[in-house]
Amino acid sequence: MKIAIGNDHAAVEMKNLMMEYIAELGHTIDNYGTDTQDSCNYPEYGEAVACAVAQGRADCGILICGTGVGISIAANKVKGIRAAVCSDVTTARLVKEHNDANIIAFGARIVGIELAKDIVRAYLDASFLGGRHAERVKMISEIEMRRGQD
């Protein structure tokens, strides 16, 4: 699987550790994040990863900032993106199974590296369940289409 990863200055160390872990799992990683701890703007990295996923250059994305919230909000502005903040394993699994989330985000200031690894693994191991969940994801896409015309 090809995974796009992005981060801001608050998450450089965690991003680097996550890239090693994801490679150990056998996945390919494209780094769209910053590699320095110089202050930067997380929306740029959220958008870059979201565009890679939306355009099919990556199968899914992982975003990391201080909390995971700001960078996921930016990603969700890109058409076709369903980015979800995950601070636990159950949420990471369910956002894929129920919401077909194509990006997960978490906070380097919120979760430790071992929990982050567990979150990523749960997300990557999960599959969209379809069924009644597919109808709900379709409804989300329809909202996006309607509101994009406003």
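**Getting to know a predicted chain**

Modeller: Read along the sequence, this chain runs β-α-β-α-β-α-β-α-β-α-α. Helices (H or I, at least four residues) and strands (E, at least two) are DSSP runs, numbered from the N terminus. This is a predicted model, where local features need pLDDT of at least 70, side-chain atom pairs count only at pLDDT 80 or more, and totals for chains, interfaces and linings use all residues. Residues are numbered from 1 along each chain as its sequence is written, and side-chain values use heavy atoms, with hydrogens and water left out.

Biologist: Is tyrosine 45 buried or exposed?

Modeller: Tyrosine 45 lies in helix H2, residues 42–54. Buried means under 20% relative accessible area, exposed over 50%, and partly exposed in between (1.4 Å probe, protein chains only). Because its relative accessibility is 15%, tyrosine 45 counts as buried.

Biologist: Which residues does tyrosine 45 touch, not counting residues up to four places away in sequence?

Modeller: Contact means heavy atoms within 4.5 Å. Asparagine 16 is 29 residues from tyrosine 45 in sequence and 15 Å away in space, C-alpha to C-alpha. With that sequence limit of four places, tyrosine 45 touches Asn7, Asp8, Tyr32, Gly33, Thr34, Cys40, Leu63 and Ile71.
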